[in-house]
Amino acid sequence: MKTNLLPALAGATGMAFVGGSVAVSGFLADAPSLTVQSLRYAVACLLLMLYARLVGKRVVRPRGAEWLWLAGVVATGMIVFNVALVQGSKHAEPAVLGVAVACVPLLLAVAGPLLEGQTPARRLIVAALVVTAGAALVQGFGRTDGIGLLWALVTFACEAGFTLLAVPVLGRHGPLGVSAHSTWMAAVAFGLGGLFGEGPTAALRLRLDDVLAGVYLAVAVTAVAFVLWYTCVQRLGSARAGLLTGIAPVSAAAVGVAVGGPMPGLAVWLGIGVVAAGLALGFRPGRSTAQPPVAPAGDVVMAAERVVTAAGTAAAKA
């Protein structure tokens, strides 16, 4: 269990930074969002490459199908995810999208082990259900229409894709390599969008608070949190690491109070307790706490094909 402590702390810290970004992102409501995102990921990539040089780690070039896995991480977890949040907020209250993200631990508890060539652990599935319920209580429930519900499902899938699609490349590239490659690819994608959608001078319209918020997102939520999160996924496996996503809404509630928001109500405190209970169940010492190896890319592809086949069979029976 001691060997799992540091990776768990890394994942928890990364999710705390992500949760804190909710309040910080509010300062960017009037900023050219695509340009800010591009600058955010570009700065994060530069920091990651500088860190790699300082510690003597080599960021290797992707090859073959690795480009597709990394592009999937960027497309789902960074680009489409942000689009879904923006479009979804037009049809659904923020709590609806938050609850969709809160359901991610359950998907990771089932799909993660299959991609890693393992059998899903019943205790982790139960723990994921508990964490999901607690996170939903923290987020609260809101109103939506059919389109908002669809965007909520897209948000849910994209948040899971950010973790699951990185599994095949973590073995060769490690957390630092995956983070570095995904950030430069995201910087290019958002940069092109900002260039054509917001104009080449959009960066000149940024105010001081926009820059400060962007710096926090680049350093804490991207450069630091990405490496911490992927380290946790690599060391603990995506199923157990997924439980730690329940910390994000708790962190968001805490930061909201710190920046002047109201104290949480009874449901939020109850949700925090339920999240803590789910984490305690998932990280309780036992046979399933052994460190899972990251499967080679070929094994992961075969496992992914089994998942798709099983899903197709289930759909056909339905």
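Helices are taken here as DSSP runs of type H or I with at least four residues, numbered from the N terminus. On this assignment, made on a predicted model, Leu-108 falls in helix α5, which spans residues 104–115. The protein chain as a whole has 13 helices and zero strands, and the elements, read from the N terminus, accordingly run α-α-α-α-α-α-α-α-α-α-α-α-α.

Of the 318 residues in the protein chain, 46% are buried. The accessible surface comes to about 15,300 Å², and carbon and sulfur atoms account for 71% of that surface. Among contacts between residues at least 6 apart in sequence, 89% join residues that are at least 24 apart.

Leu-108 has a relative accessible area of 0% and is therefore buried, the limit for that class being under 20%. When residues up to four places away in sequence are not counted, Leu-108 touches Pro-113, Ala-160, Thr-163, Leu-164, Ser-238, Ala-239 and Gly-242. The C-alpha atoms of Leu-108 and Ile-125 lie 8.9 Å apart in space, with a separation of 17 residues in sequence.

Two packed helices are described by the angle between their axes and the distance between the axes. For α5 and helix α7, the latter comprising residues 146–164, the axes come within 10 Å and cross at roughly 40°. The two helices are therefore oblique to each other, and α5 passes α7 in a right-handed crossing. On the α5 side, the residues that meet α7 are Val-104, Leu-107, Leu-108, Ala-111, Gly-112 and Leu-115, and their counterparts in α7 are Phe-156, Glu-159, Ala-160, Thr-163 and Leu-164.

The crossing of α6 and α12 is left-handed. Residues of α6 that take part include Arg-123, Leu-124, Val-126, Ala-127, Val-130 and Val-131, as well as Gly-134 and Val-138. Among the residues they meet in α12 are Ala-267, Val-268, Leu-270, Gly-271, Ile-272, Val-274 and Val-275, together with Gly-278 and Gly-282.

Helix α8, which covers residues 167–197, contains His-173, and Ala-187 is also placed in α8. His-173 is buried, with a relative accessible area of 9%, and Ala-187 is likewise buried, with a value of 11%. Leaving aside neighbours within four places in sequence, His-173 is in contact with Val-60, Arg-61, Pro-62, Glu-66, Val-178 and His-181. Under the corresponding exclusion of residues up to four places away, Ala-187 touches Ser-38, Tyr-41 and Ala-42. Ala-187 and Cys-45 are 142 residues apart in sequence, yet their C-alpha atoms are 8.5 Å apart in space.

With a disulfide taken as a pair of cysteine sulfur atoms within 2.5 Å, the count for the model comes to zero. Cys-103 is partly exposed, with a relative accessible area of 30%, whereas Cys-232 counts as buried at 0% relative accessibility.

Definitions and conventions:
Residues numbered from 1 in each chain as written. Predicted model: local features only at pLDDT ≥ 70, side-chain atom pairs only at ≥ 80, totals over all residues. Heavy atoms only, no water. Buried < 20%, exposed > 50% of the residue type's maximum accessible area, 1.4 Å probe, protein only. Contact = heavy atoms within 4.5 Å. Areas by Shrake-Rupley, 256 points an atom, 1.4 Å probe, with all protein chains shown as cover. Axes fitted to C-alpha atoms, helices over the stretch in contact; angles between N-to-C directions. Parallel < 35°, antiparallel > 145°, perpendicular 65-115°, else oblique. Left-handed = near helix turned anticlockwise from the far one by under 90°.
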